[in-house]
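This report describes one protein model for a reader who has not seen it before. Please look at the sequence and the structure first.

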Amino acid sequence: MPEKKPMNYGDMVVGERYGSLSYEVTVEKLSAFRSATGDPDSTLIMLSSKDYSHLPRTVYDPPRWVNAGYEVWFSGSPKLGDVLTTAGSLFDKYERRGRNFITVETITTNQDGMRLSRALTTLMLGGFDVAR
């Protein structure tokens, strides 16, 4: 496994691709998701869209960040036994009020290549400065 590099905002390039991750939708994952959401009837739809926080970590040392925005579009629902693969890239980066932001795009497909979701997640790098 290649060594991860420190997350340096100035070196990040829009369009850079992150590694992917795959996992099988199991009864255990469904139970854990239902428990975490408090929704005993959940159909796992969100499971396919929340991997944005893991993908940049395939390239960079774990950064500190705060989730500053999230949009997701669903085009299908995962089913038990599906193998989901999420891939992502740096969609945008910008500075606002002296803080650096990145937007990560993730696409999740099932084992047949069917797109289940597309998500855009904006992250404020560095977290909050408690001294401010």
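The model is predicted: local features need pLDDT of at least 70, side-chain atom pairs count only at pLDDT 80 or more, and totals for chains, interfaces and linings use all residues. Residues are numbered from 1 along each chain as its sequence is written, and side-chain values use heavy atoms, with hydrogens and water left out.

The protein has 1 helix and 5 strands, in the sequence pattern β-α-β-β-β-β. Helices (H or I, at least four residues) and strands (E, at least two) are DSSP runs, numbered from the N terminus. An open sheet of 5 strands runs in the order β1-β3-β4-β5-β2, with antiparallel pairing; two strands pair if DSSP finds at least two bridges between them. Each edge strand pairs on one side only:

| Edge strand | Residues |
|---|---|
| β1 | 21-24 |
| β2 | 65-74 |

β2 pairs with β5 (residues 115-125) in the antiparallel sense over 9 bridges. Trp73 stands opposite Arg118 in β5.

Asp39 lies in the loop between α1 (27-37) and β2. Asp39 counts as partly exposed because its relative accessibility is 35%, and partly exposed is the range between buried (under 20%) and exposed (over 50%), with a 1.4 Å probe and protein chains only. Of the 132 residues of the protein, 38% count as buried.
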